[in-house]
Structures are given as structure tokens and as C-alpha cells.
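The sequence and the structure are shown first.

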Amino acid sequence: MNNILKYFLSLRLTVTLLSLSMILVFCGTLAQVDNGIWTVMDQYFRTWIAWIDLSIFFNKFNPLNAFSIPFPGGFLIGALLSMNLLVVHAKTFKIFVTGKRFYIGLSLLIVGLILTYGVIVGWGTNPVATTESDAFWRVFFRLGRGTLSAVILFIACIYLYRKRAGMVLLHAGILLLLIGEFFTALFAVESTMTIREGQTVNFLDRSQKYELAFIEYSNPNFDRVTVIPKDFLKINKINEFDELPFNIKLNSFMANSSQPQLINNITNFDQLKYPSYKGIGSEYYISNTREVSGASGERNSPAVDVELFDKKSGISLGRYILSLWCYPNFVNQIWDMPNLISFNGKNYRVYLRNQREFSLSPSGNEFSIKLLKFVHEKYQGTQTPKDFSSRIRLINSGDKIDRELKIWMNNPLRYAKKTFYQSGYLPEDKGTVLQVVRNDSWMIPYLSCMIVFVGMGAQFFWSMQRSKKKGNL
């Protein structure tokens with residue numbers, strides 16, 4: 001046990017972990033040549049054990065390409081670094097003060113931790129954070145909120161640790177930053193909201209989450225929608241759902257699919273091993289293609305190859321290719337290409353789409369956003385975008401909120417623990433695309449930055465004082 005403790009206290013562990021993290025970043029960067037950024041994040045960084053494909057190092061003909069090797073993942077390296085910080089802190093920075101000084105320091109520490117929690121969860125902030133103020137001052141005041149907590153924690157550390165307070169605070173800030181990234185990786189959610197001018201929308205399209213939507217439109221008065229999350233489908237097995245009159249077999253999942261092209265325009269189509277699809281697949285060619293990294297602005301378009309079966313007879317009702325390319329919101333409402341299916345007198349429009357999430361406030365009340373006006377400015381004499389802005393109306397009847405707000409580049413709206421960024425626009429400037437991010441730990445980097453800043457400043461000041469006393473300066 002003592003040997004393990006000594007190893008954690010040694011510099012070797014820190015150097016080893018930092019070296020492993022650099023190797024992991026290097027491999028993850030190479031992997032983005034053939035894989036999307038989210039695939040790489042899940043395979044290398046947001047996992048305990050990363051499986052490094054040897055194919056990232058060799059050409060496609062090398063026999064080693066079929067193998068992968070295990071390697072410490074981002075979560076494991078981060079956890080060991082955090083543990084190392086805690087062990088060093090517990091062993092090196094011990095509290096030796098007693099009596100009145102100890103209780104004052106402990107009281108201030110509790111107050112500082114309470115304030116830190118308040119900064120993270122947003123105490124004292126407006127429920128609807130307007131975007132009219134200057135971006136510089138918004139960032140300045142966020143850092144200011146973090147500074148107040150950092151200063152109180154620093155004073156507490158002076159009482160408890162005396163002149164080691166700077167180092168203690170520095171370690172605490174780094175540890176808080178690691179914890180914040182861990183919670184961001186686990187719980188942060190990214191979505192989009194696509195709105196035409198004059199339209200009101202009350203749902204979000206979840207990024208990296210997909211579902212099959214069966215929209216029954218036989219009844220002229222309303223559509224009945226049945227959604228099956230993609231994760232509920234087991235590959236090469238018959239999946240049965242009570243809500244649907246047929247069973248679903250998932251033949252394959254494509255992390256990225258090619259843009260639909262008319263089969264008649266495909267050269268040497270007869271030589272391709274293309275399944276006999278019904279619906280869209282009978283007219284358009286959609287195939288599996290390599291993932292894109294996302295650095296160029298391209299997005300991966302997943303697709304599923306499914307086959308439907310009659311529940312009673314087990315007879316195949318046809319094989320279909322469902323691609324995200326066919327979902328209107330994915331292509332900024334340029335296309336709307338559902339697979340049309342008829343069964344037992346009922347008609348269905350079928351999409352593979354981003355998983356929908358209704359927009360709810362913390363109180364549980366539903367809110368909606370109406371796009372009043374979208375403005376797309378360009379640099380004079382060019383087609384280069386200069387600025388996008390959306391004048392919106394935020395409506396939440398349950399919480400008695402009805403406000404007009406403006407969202408534009410680098411000036412998001414914060415509401416309901418979500419941040420709405422101006423991300424894109426529809427063709428002919430007929431609407432807007434908002435990037436929506438929920439990250440409950442978004443204030444932690446600001447807070448950590450100020451805690452580390454105060455700790456480093458104090459440590460630097462005391463080091464200068466010691467040097468002066470020794471006559472080195």
C-alpha cells in the first residue's frame with residue numbers, strides 16, 4: 001500500500017499520464033481521417049478503455065489493419081490524474097492550524113464552496129438571459145462571479161494552509177476543471193432547432209441520436225406518430241413493437257451514407273450489388289460511405305437498412321433504405337423524401353430522423369420559439385456571409401413568459417438551461433437554424449480559470465517575497 005502511495009506522489013506518474021494523453025490525442029487525430037469526430041470522441045476520449053485501430057498507421061493493404069489494441073481512454077487518464085492530485089494534496093498539504101483559526105478557515109471554506117455551487121448552477125442570473133449586451137462584458141461578469149468565489153476560497157486557504165494557500169487553490173482549480181470536463185462528456189446535449197420565418201416550433205432535433213418515425217396519415221384530421229429509437233433496434237434480429245402492425249429487422253446501420261442519386265444516373269449500376277429496395281431505394285442510390293471529420297463543416301448522414309415483416313404470417317413486406325438525407329431538417333428543408341408504406345389499409349410516411357425532444361422549461365412547462373424575422377448580411381460585392389441574426393418571440397404560457405429577443409453570431413440566448421446559438425439558415429434566407437446546447441457545467445471553466453489565476457498569483461507573489469529575503473532579487 002505504501003509503495004502505491006509513493007508512486008502516486010512521484011513525478012513519474014504525472015509524466016506517464018501526460019505522455020499517454022499525448023499519444024491518445026495523436027491517435028485520435030489520425031483516426032479522424034476515416035472517422036467522424038463524434039465516433040473518435042466516443043472511441044478514444046469519452047471512454048475508459050480506447051481501442052486503437054492499427055489501420056490508422058498503415059495503408060489499406062497491410063494485414064495488421066484488421067487488429068485493434070487496447071489503450072487507456074480519456075476517462076481513465078483523467079480519473080488517474082484527478083486521483084493523483086487528491087493524493088498529493090492529502091499527503092503534502094496537511095492542515096496544522098487549530099483553535100479559532102481553524103474554525104474561521106473552515107467557515108470561510110464552507111461559504112466559498114456554497115458560492116462555488118451557486119455560480120455553477122446559476123444563482124442570481126436571469127431566467128431569460130438576453131443577448132443585447134456586449135459579448136466582452138458578458139464574459140467579464142462571468143469571470144467576476146468566479147473571482148468572488150475564488151477570493152473567498154483563497155482567504156479560507158490562508159487560514160488553513162498559511163503560505164501554501166496558493167498551491168492548494170491551484171490544485172483545486174485544475175481538479176475542478178477535470179471534473180467539469182467529465183460531467184460535460186457525460187451529460188452535455190447538443191440539438192438543433194430549425195424554424196421558418198413566421199413559424200412557431202416547440203421541439204429540438206437531438207444531435208447524434210436517431211429514431212425511426214412512422215407517421216400514419218390515413219386519418220385526414222390528424223397524423224398518428226410512432227417513434228422507435230434507433231438504439232432499440234437489434235441488428236439482424238426481428239424487433240417487435242406493440243405500437244406497429246409489423247415487425248422490423250435491422251439489416252445494417254451506416255454511420256454515414258451517400259447523398260441520394262437517381263439510379264438512372266449511376267454509371268454501371270447493374271454491376272453494383274445494390275439490394276432490391278422498395279420506396280425511395282427503388283429510385284435513388286444510397287450507399288455506405290466513409291465518415292467525415294466535421295472539420296470542413298460537413299455532417300455525417302447515418303442510414304439504416306431495414307426489412308418489414310407481417311406479424312401474423314411472417315411474410316416480408318419489403319426492404320427499405322432510410323437515410324438522414326431524406327429528413328427535411330437535416331438538409332435545411334431542401335428535400336422531403338419519406339418512404340411511403342401501405343399496410344392493412346393504413347398509409348405511413350417513414351423517416352430516419354434526429355431524435356425529437358420537446359422543449360421544456362425547468363418547471364416542466366412547454367415553451368416555443370417563433371421566428372419573427374431572419375437577417376442574413378453579406379460583405380459588399382461578395383457572397384461571403386458577414387452576419388446572421390434572428391429576431392424571435394419566446395413563448396411559455398405556463399411560466400408567463402412572452403418576450404421578443406435577438407440571437408446573432410457570438411450572441412446566444414440562454415434559457416431553460418439551454419443555450420441557443422445562431423448556426424445557419426434556410427435557402428433563400430427563409431428561416432434560421434439554431435444550435436442548441438445544454439451543458440449544466442458550462443460555468444466551470446470560467447470558475448476554474450479564476451481559481452487557478454488567484455492561486456498562481458498568490459504563489460508567484462510569495463515566491464517573489466522569499467527571493468527578495470534571500471537577496472536573489
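The sections below treat the basis of the model, its pockets and cavity, a sheet, a helix and salt bridges.

## Basis of the model

The model is predicted; local features require pLDDT of at least 70, side-chain atom pairs count only at pLDDT 80 or more, and totals for chains, interfaces and linings use all residues. Residues are numbered from 1 along each chain as its sequence is written, and side-chain values use heavy atoms, with hydrogens and water left out.

Helices (H or I, at least four residues) and strands (E, at least two) are DSSP runs numbered from the N terminus.

Rolling a probe the size of a water molecule over the atoms shows where empty space is left. The search uses a 1 Å grid over the protein atoms alone: a cavity is a set of points where a 1.4 Å probe fits but cannot get out, and a pocket is an open set with protein on both sides within 12 Å along at least five of seven lines. Lining residues have an atom within 4 Å of a point. Grid points are joined across faces, edges and corners, and a volume is the space filled by probe spheres set on the points.

The largest pocket holds about 1,500 Å³ of space. Its lining comprises 47 residues, of which W38, E190, S207, Q208 and Y210 are the closest to the centre. Two or more lining residues come from each of helix 3 (37-45), helix 7 (165-187), strand 4 (189-196), strand 6 (203-216), strand 15, strand 20 (418-425) and strand 21 (431-438). Strand 6 gives the largest share, 6 residues. By class, the lining of this pocket has 18 nonpolar, 18 polar and 11 charged residues; Ala, Val, Leu, Ile, Met, Phe, Trp, Tyr, Cys and Pro count as nonpolar, Asp, Glu, Lys and Arg as charged, and the others, Gly among them, as polar.

The second largest pocket has a volume of about 920 Å³. Among its 33 lining residues, T125, N126, A129, R414 and W442 are the closest to the centre. At least two lining residues come from each of helix 5 (99-121), helix 6 (135-161), strand 19 (413-415) and strand 20, and helix 6 contributes the most, with 5 residues. The lining of the second largest pocket divides into 15 nonpolar, 10 polar and 8 charged residues.

## The enclosed cavity

The structure contains 1 cavity of 30 Å³ or more, and the volume of the largest cavity is about 30 Å³. The residues that line the largest cavity are L322, S323, C326, Y327, M337, P338, N339, V350, Y351 and L352.

The lining of the largest cavity has 8 nonpolar and 2 polar residues, and no charged residues.

## A sheet and a helix

An open, antiparallel sheet is formed by 4 strands in the order 8-9-12-13, where two strands pair if DSSP finds at least two bridges between them. Strand 8 (238-239) and strand 13 stand at the edges with a single partner strand each, so one side of each has no neighbour in the sheet. Strand 9 (residues 246-254) and strand 12 (residues 303-310) pair over 8 bridges in the antiparallel sense. N247 lies opposite F309 in strand 12.

Helix 8 (residues 444-470) has 27 residues and spans 39 Å from its first C-alpha to its last, close to the expected 39 Å; the expected span is 1.5 Å times one less than the number of residues. Buried residues of helix 8 include I444, L447, M450, V454, A458 and W462. Buried means under 20% relative accessible area, exposed over 50%, and partly exposed in between (1.4 Å probe, protein chains only).

## Salt bridges

Side chains of opposite charge can pair when their charged atoms come close. The whole structure holds 8 salt bridges, each a side-chain nitrogen of Lys or Arg within 4 Å of a carboxyl oxygen of Asp or Glu.

One of them joins D231 and K209, with the closest N and O atoms 3.7 Å apart. This pair links distant parts of the chain, 22 residues apart: D231 lies in the loop between strand 7 (224-229) and strand 8, and K209 in strand 6. D231 is exposed at 54% relative accessibility, whereas K209 is partly exposed at 32%.

A salt bridge also connects D223 and R349 (3.3 Å, N to O). D223, in the loop between strand 6 and strand 7, and R349, in strand 15, are 126 residues apart. D223 is partly exposed at 41%, and R349 is partly exposed at 24%. R438 and D440 form a further salt bridge (3.1 Å, N to O).
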